[in-house]
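Please brief me on this structure. Keep it short, and group the points by topic.

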Amino acid sequence: MRTLLVDADPQGSVGLSLTRQSRMLPGFYDFLEDPGLDLAKLVVPTRMPTFSLVAAGQASNYEAGGGLAGTHLARSRSFMRSVAAHGFQVCLMDTAAGLFGVTADVIACCDAALIPQQSEPLGVRSVPKMLEGLHRIRVLNPRLVVLGVVLTMVQDDLTESREAAQALRQLLPEGMVFQTAIPRDGIYVKASAKGLPVGILEDGDIAQSVFDSLRSEVETKWEKSNILA
Amino acid sequence: MGKIEHSRLMDPIESWVDPQEVKRLAEALMNPVARANAPSDDATYSKHFVGFAEARDHTQLPANNGRAPSQTVPVGAQGDRSQQLKNFREALPSPIPYKGFFALQSEAQVIYDDGEHQHLYFVARDWIKTRNSSSHQHVQLRIGSSDFLEMISCQTHDGIVVLAFIVSRALASDELARITRSLPTFLSGSST
């Protein structure tokens, strides 16, 4: 299955965590700015033949990421169409936090949304705002499937983190919070430092299994959403 | 510090959220919209408004933009304001290709709507938030193949009022000027 990971966060962390040269790459924000830019010039192949990247790009900046929702919707739609036309079957858009500006426009073009949520009290308090934001976007994109919330940076050895996770599971309907939770683990820092996917590190088996579990849940929820719709 | 009961949310969260409201919002999101009823990918410009093509920002409008005349009378209850805005809308010059109108106060509260434009409120609110940090007085957004949303910020006695017009073509500068010039007269309670 041909998959494209797109860095739609102006911070550019996807590219920066993988290659130093990615800072020089044209990317998603350049596509938004330049109607004449071909997607083929943005796609960066990886060692996996079915997996490619698009960096955030040179035009990315924090100002572009915020601002008025809707400004980049038409170009975001063009981007999605172009991705499909280039034969990609799955396009993963990594957006900045917050449901406004480019992030809102991107989600308004997507089929499904997965919401990572840090397992800490402050993050859980922001959940109502997040839900309201998704409702607004769903007005624009009624087809949007909300796959659910994934707890991230969970620290089982920290009472506050553990209780925040528990509180979120109590707060949201059953099925909205993924069973799989991403733990806070030094191995992610190591992977980031080396610029490698966590799964290929020597001690990365457990981390890899977590993401395999997440993938499996996503597939199940996605299939279920298609059946129900 | 009391022991946390499993049946209750933890204290650092409980006081910040309304569990019933959160559950209601979340459950609504978990219910898929029937694909058959949802707009197709090409329904970008359906009546449900699903797209902008461009946004233009103008920082300068006429010098008397929204400035209330000296003989104005105090604006009272919101009902008065609503009626005043209704009068204002009905008196819009006919060449202006207006299809709908709503207005918000600077706090983003909707104070008038001549139709059902709830789906556009968040756009206006986003702009209000954005323009608080800038001097922009007008923004124009394409919301359909032949629909534009023109938002104009006007200073009034009671603070900023944002006028939002749904129009079938982009408004020219002189039309914007006429609109902004006429508003204070209606908000003052006098007629033109």
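B:Cys154 is buried, at a relative accessible area of 0%. Buried means under 20% relative accessible area, exposed means over 50%, and partly exposed lies in between, with a 1.4 Å probe and protein chains only. This is a predicted model, in which local features need pLDDT of at least 70, side-chain atom pairs count only at pLDDT 80 or more, and totals for chains, interfaces and linings use all residues. Residues are numbered from 1 along each chain as its sequence is written, chains are lettered from A and ligands numbered from 1 in the order in which they are written, and side-chain values use heavy atoms, without hydrogens or water.

**Cysteines**

- A search of the whole structure, over all chains, finds zero disulfides. A disulfide here is a pair of cysteine sulfur atoms within 2.5 Å.
- A:Cys110 is buried, with a relative accessible area of 15%.

**Confidence**

- The model scores ipTM 0.79 and pTM 0.61.
- Chain B has a mean pLDDT of 69, and 60% of its residues reach 70 or more. pLDDT is the predictor's confidence in each residue, from 0 to 100.
- Residues 34-55 of chain B have pLDDT below 50, yet this stretch has 59 contacts in the model beyond near neighbours in sequence. Contact means heavy atoms within 4.5 Å.
- Residues 63-77 of chain B also have pLDDT below 50, with 26 contacts beyond near neighbours in sequence.

**Chain B overall**

- Chain B has five helices and six strands. Helices (H or I, at least four residues) and strands (E, at least two) are DSSP runs, numbered from the N terminus.
- From the N terminus on, the order of elements in chain B is α-α-β-α-β-β-α-β-β-β-α.
- Of its 192 residues, 46% count as buried.
- Take the chain B contacts between residues at least 6 apart in sequence: 59% of them join residues at least 24 apart.
- The accessible surface of chain B is about 9,800 Å², and carbon and sulfur atoms hold 48% of it. Accessible areas come from the Shrake-Rupley method with a 1.4 Å probe; for residues, only the protein chains shown count as cover.

**Aromatic pairs in chain B**

- Over all chains, the whole structure holds 10 aromatic pairs. Rings of Phe, Tyr and Trp (its six-membered ring) pair if their centres lie within 6.5 Å; planes under 30 degrees apart count as stacked, over 60 as edge-to-face and the rest as tilted.
- B:Phe88 and B:Phe186 make an edge-to-face pair, 5.8 Å centre to centre with 70 degrees between the planes.
- This pair links distant parts of chain B: B:Phe88 is in helix α3 (residues 78-90), B:Phe186 is in helix α5 (residues 173-187), and they are 98 residues apart.
- B:Phe88 is buried at 1% relative accessibility, and B:Phe186 is buried at 12%.
- B:Phe101 and B:Phe165 are stacked, because their ring centres are 4.9 Å apart and their planes are at 20 degrees.
- B:Phe101 lies in strand β2 (residues 98-105) and B:Phe165 in strand β6 (residues 159-167) of chain B, so this pair ties together parts 64 residues apart in sequence.
- Both B:Phe101 and B:Phe165 are buried.
- Ring pairs join B:Phe88, B:Phe101, B:Tyr112, B:Phe165 and B:Phe186 into a cluster.

**Chain A overall**

- Chain A has 10 helices and six strands.
- Of its 229 residues, 49% count as buried.
- Among chain A contacts between residues at least 6 apart in sequence, 74% join residues at least 24 apart.
- Chain A exposes about 11,400 Å², with 55% supplied by carbon and sulfur atoms.

**Charges over rings in chain A**

- The charged end of A:Lys221 sits over the ring of A:Phe178, 4.8 Å from its centre. The test is NZ of Lys or CZ of Arg within 6 Å of the ring centre and within 35 degrees of the ring normal.
- A:Phe178 and A:Lys221 are 43 residues apart along the chain, and 9.7 Å separates their C-alpha atoms.
- A:Phe178 lies in the loop between α8 (159-171) and α9 (186-194) of chain A.
- A:Phe178 is buried, with a relative accessible area of 0%.
- Beyond neighbours within four places in sequence, A:Phe178 contacts residues including A:Leu114, A:Val150, A:Arg169 and A:Leu214.
- A:Arg2 lies over the face of A:Phe88, 4.1 Å from the ring centre.

**Backbone at A:Met153**

- A:Met153 has a positive phi, near 50 degrees, and is not a glycine. Most residues other than glycine have a negative phi.
- A:Met153 lies in the loop between β6 (145-152) and α8 of chain A.
- A:Met153 is partly exposed, at 31% relative accessibility.
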